[in-house]
Amino acid sequence: MTEHDLFEREEELALLCDLFHDSLKGRSRMAVVTGAAGHGKSELLGALAEYAARLGAVHLSATASRAEQSVPFGVLGQFFRGTDLPEELRSHVAALLGRALLAAADDTGPPADTEGISPLMFHQIGLALHDLTEHVDGPLLLSIDDVQYADAPSLQCLSAVVRRLRSAPLTVVLNECPAPWPSGAMLKAELPPEPMSRRIRLRPLSRHGVEALLDRHLGQLAAFALGAECLSVTGGNPLLVRRLIKDTAGQGPSAPHALRVGPHFEQAVLDCLYRCHPSVRTAAREVAVLDDPQFAPLLIRLSELDPRSLSLALDTLTEAGFLVDGQWRHSRARAAVLQGMTAGERAALHNRAATVLFKNGAPVIAVAHQLIAADSIDNDCAAAVLLEAADESLHGGDGAFALNCLSLAHRYSRNEEHRATTTAMLFRAEWRADPRAAARRMPALLGYTEAGLLTGRHVAAPVESLMWFGQPQAALDAVDRLESHIRRSQDVEASAYLKMSRIALGVLYPAPAGDPENESDSRGGDPSAADSDADADPMRWAPSCCCQAVSELHRVLRHGPDPLSVRVAEQTLSSYKLNDHTVLLLAAAVGILILNDEVASAERWLTSFTGTARTQSAPAWHALFESLAAKLALRRGDLKAAVRMAESALAEIPAASWGVVIGLPLSVVLEANALLDTRTETLAHLRMAPPAPMFQTPFGLRYLYARGRLLLAHGQPTPALEDLTAVGELAARWGMDVPALLPWRTDAARVHLARGESERARELLREQLTLVAPGQHLVRAATLRALAAATSGRERGSLLARAVEAAQSCGNPVELAFALNDMGQHHQELGQYSKGRIALRRARQLAEECGVALPGRIAPEPTGGTPAATPGGGEHLVGMLSDAEMRVVTLAARGHSNRQIAAKLFVTVSTVEQHLTRVYRKLGIKRRSDLAPALHRGAMARRAS
C-alpha cells in the first residue's frame, strides 16, 4: 500500500494546510481532528507533516497514553526529547517535570488535576515551550495523537501558549478519538476560539471512497464487484477497508472477485477497540456475547455500564463501523472481540448472560447457548436448562447442539439419577449418527438399569440397543428387571415404553421372545379413538396404538397382508412425528404398508421421513428409511433404483452400526441383482458376513431367500436350494410361512424342475397356491408361471394365461415381462407365431425398461429320444422370418417333404420351395439338413442370453 490513502479526506487536508499557511504569516493556529478509531486521523496528520516539511517546518510529535494520563505534563514533555534541542533546554525542562511529579505525588487531589500544580510551575513550563518555538529555525508543527488520553496540565499549558503566541509561526494539531463523553482534559484546556482553533470531524467513507481505495490496490473490476459488500462489512472505516484489501489480496489471482474477511480484518477490529475508551470495549464484549436482536433490550441488564454510558458506547461502536442497528456488521468482527478476551473473561460474561436470559424468560435453547459458550456449569438449574434444551434440539433436528448440551450436562455430576438421564439422552443423540458409537454407553446404561435409575421414556434405550445388536436374551432380561422396578415406582410412561419394547422383541426375535399376541390384544380398542394431540402426551394412547402397530407388523409377517393392519399403520404414521423415540415405530408402520403393497402411501411417508432425517442430520435414520424405500422399489419392480438406494443406505453408516437390520438393505441388493443378473456387482455383498444373530430375525429369513435366488441365478442350484429350504424350515418354525412375503417354494421348485424332479416341483407349487390369499397377485403370478413350466399340454397354456392376468394386476413390470415371455414361447411352440411374436416383443420391451434378462423355459432334462428342434426357443428368429416362413421351416425341420408341407399348409409346392429359399438366405445355410441345427442354435442362444 502507499503511505497515505487519503480518499475523501481532501477537504480536511486542504483546511489543515490553510491553517499551516496562516501560521507562516505569523498567526498561530490550532486544529482538533476528531474521528472514530480507524478513520484516518494519523494518515491525515502524516500527510500534513510531509507537506509542512517541504516548506521548511519542524515537526515535533507526541502520543498520549491512557496509562500515563495521571503524569502531569507527560505529553508536553515528549516535545523536549528531540536530540537536536539544546542540552540546557532539555535539562531545564526535565528538572521542571521532576518537580511537577513530586508535587503531584504529595497532593491528595485527583491525579493530574491542575489544582495540584502551582502557578509558578505552569509559568515555567510555558516559558520553556515558548523558548522551544524561539529555538526552532522556521515554522513549528506540534501534534498530539490520541489527545483524549492527554493529561490536563499539558493541554492547559499548550492552550495558554498558543493564545499568548498569536504571531508565532506555530501550528498545533490534536488528534482525538472521541470517548463516549467529552474528555475532562479537553474541557479544562480552554482551547482558543476560532479562527485560532478549528475542529475537523472525519466521517466514514462513502461507497465511492471505498471503491476508490479498492481500485488503487485491487483494480477497477474488483472495485466494481466488491465495493458494496466491502462497505457493508466495514461501514466505511478506512482502516477496516485496508485490512480487508490485505486479506483479499492474499488469496491470489481470484482475489478481485471474492472478498475475504480474514485475520488482518480481525486484528484491525481489536486495534480500533484498544484505542477507544474502556467503556467502548466493555460494551463491544457484551454485545458480542448477547448476539441476538430479540435479546437486545436485555443488554442494559447485562451491562456493567450505566444506561447513559452504554448508549454512548454503542454510538461509538456504530460510528466506528462495527455495529449497524445494534448488531454486528460481520460475524468475524464479533469473533475478534470474543477472541480478544481471556478464557476466564469469556466464561464469566457468558455465565452472566445466561443468568440474565433465564431470569427474563428467554427460551432455554438461548440460555443453553450461553452456558455452552461458557463451557462450565455449577448449579442444578443450569443442568436442568441444558437437558431441556437438548430435548428441544433433538425434536427440532439440531443433533449437534443437543450433543453439546448433553456433554456439558453430563460433566456436572449432580447425582446418579442425573447422570443416568444424561447418559440415556446422549445415547439417543449419538444413535442418530452412528449406532455403534452410541453403543459404547451400553455398559453404563445397563448399570443404571440394574440400579433402577432410568425412568420414563429413557428405559427403552438399553433394550432397543440390545435388540438392534443381536442380544435378545439380554434385552428380555433387561425388560423383566425394569418392569419389576417400574411396578414399585408406578412409572406409567416407562411401563408403556417397556410394553412396546417387549412386543417389538417378540416380532424381531420370534424364537426367544415368544408370541407378541399373548402379550397384548392387538385387536382390542379402536385406534381411531386415540388422542389427536399425540405429540403433546404420546403415552396417553401408546399402549393402544404403538403396541398395536408393532403387533400388526407381526400379524402381517405371520398371516400376510391385512387391510386392518394398513389402517393401524396409517393411524400411527399420522399421529406421531419422527424423533428418537418413534423412529423404529414409524419404520415398522411403513413396513406394514410395503408388505400390504400400499405403494403410493408408503412412498409418500418415506419421502417425508427421509427428508426429515436429512434435515435433522440423522444418517442412521436416513439409512433405515432409505432401505425401506429400496425394498419398496424392489416390490414394484424398479430394480435399478432398488439397488441404488440400498447401496446408498449401506454406505451411509458403517456396516457394524447396522446390527441385525443390515439384512434389510443386503437382501434388497442380492435379490435385485439376482433379477438383473449382474454377477460382478454382487460379489462384495455376498462376501460380506452378516452378524450371526441376524438369522434369528425376519431380516435373516429375507437375506437367506435373496441369497438363494442369487445363487440360483448364478448357476449354483445346490447351495441355492439349501438356503431356500432353510427359509422354509425357519418360516414354519416361527409361524411366518407366508408366500405373499417369502415365496421360497417358487425358486425351490425351479431347482427341482431343473434336476428333473417335476413331481416335487409341482407338489411345492400347488402347496403354495393353496396358501396364496385372494388379491395377492404378485406371488400368484410367479407361482402359476413356475407351475406352468412344470406342466405340459393344454394345462400349461391355461396356467400361463392365469399367470399373465395376475401379473397385469400386481403392478410389477418385471413379473409381467417374465409371464409374457413364457406365454410367447408357449404360443411359438404351438405354431401360433403371430401371438407369440406380440407377447415376446412386449416382454422384451418391459425387460429392457427394467434392465432384466428374460429367463429361458425351465423344463426337465429329457429322459430319452432326440429333442425336436423347434423355433419356439429362438425368439430372435421370429423377427427374421415371416409367419408363413416359420410354419414351413418348422415342418421342414421335423423331416416333412416339400409336398407333405404343401398339403398340410394348403399351398403349392412352388410356394414351399420359395419360402425355403428365402429362409436359407436369411439363416445363412445352403441345404435342408442345416435347418434343425440352425434352429437349435437359435434356441440355445436365447437361453444363454
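The legends below describe close-up views of a predicted model.

Residues are numbered from 1 along each chain as its sequence is written, and side-chain values use heavy atoms, with hydrogens and water left out. Because the model is predicted, local features need pLDDT of at least 70 and side-chain atom pairs count only at pLDDT 80 or more, while totals for chains, interfaces and linings use all residues.

**View 1. Overall content of the protein.** The protein has 47 helices and seven strands; helices (H or I, at least four residues) and strands (E, at least two) are DSSP runs, numbered from the N terminus. Of its 945 residues, 55% are buried, where buried means under 20% relative accessible area, exposed over 50%, and partly exposed in between (1.4 Å probe, protein chains only). Among contacts with a separation of 6 or more, 70% come from residues 24 or more positions apart; contact means heavy atoms within 4.5 Å.

View 2. Strand β1 covers residues 29–34, and six of the six are buried, so the strand is largely enclosed by the rest of the structure. Arg29, Ala31 and Val33 point one way from β1, and Met30, Val32 and Thr34 point the other way. Strand β4 (residues 170–176) runs parallel to β1 and is joined to it by six bridges; two strands pair if DSSP finds at least two bridges between them. In this pairing Thr34 stands opposite Glu176, and Ala31 stands opposite Val173. Strand β5 (residues 197–201) also runs parallel to β1, with five bridges between the two. Here Ala31 stands opposite Arg198 of β5.

**View 3. Strand β4 and its pairing with β3.** Seven of the seven residues of β4 are buried, so β4 is largely enclosed by the rest of the structure. Leu170, Val172, Leu174 and Glu176 lie on one side of β4, and Thr171, Val173 and Asn175 on the other, so that both faces are covered. Strand β3 (residues 140–145) is parallel to β4 and joined to it by five bridges. Ser143 has Val173 in β4 as its bridge partner.

**View 4. Packing of helices α11 and α15.** Two packed helices are described by the angle between their axes and the distance between the axes. The axes of α11 (residues 263–274) and α15 (residues 331–339) come within 9 Å and cross at roughly 60°. Axes are lines fitted to C-alpha atoms, for helices over the stretch in contact, and angles run from 0 to 180 degrees between N-to-C directions. That makes α11 oblique to α15: angles under 35 degrees count as roughly parallel, over 145 as roughly antiparallel, 65 to 115 as roughly perpendicular and the rest as oblique. The crossing is right-handed; a crossing is left-handed if the near helix is turned anticlockwise from the far one by less than a right angle, and right-handed if clockwise. The contact residues include Phe265, Val269 and Leu273 of α11, and Ala333, Ala336 and Val337 of α15. By class, the contact has nine nonpolar, one polar and two charged residues. Ala, Val, Leu, Ile, Met, Phe, Trp, Tyr, Cys and Pro count as nonpolar, Asp, Glu, Lys and Arg as charged, and the others, Gly among them, as polar.

**View 5. Packing of helices α41 and α42.** Helices α41 (residues 813–829) and α42 (residues 833–850) pack at about 155°, with their axes 7 Å apart. The two are therefore roughly antiparallel, and α41 passes α42 in a left-handed crossing. Among the residues that meet are Leu816, Leu820 and Gly824 in α41, and Gly836, Leu840 and Ala843 in α42. The residues of this contact divide into 12 nonpolar, six polar and three charged.

View 6. Ser393 is in α18 (residues 380–396) and counts as buried at 3% relative accessibility. Leaving aside residues up to four places away in sequence, Ser393 touches Ile365, Asp398, Phe401 and Ala402. Helix α20 (residues 416–433) packs with α18 at an angle of about 25°, the axes being 11 Å apart. These helices are therefore roughly parallel, and their crossing is left-handed. Among the residues in contact are Leu387, Asp391 and Leu394 in α18, and Thr421, Met425 and Arg432 in α20. The contact has six nonpolar, four polar and two charged residues.

**View 7. Ala373 in helix α17.** Ala373 lies in α17 (residues 364–374) and is partly exposed, with a relative accessible area of 40%. Its C-alpha atom is separated by 9.0 Å from that of Val289, 84 residues apart along the chain.
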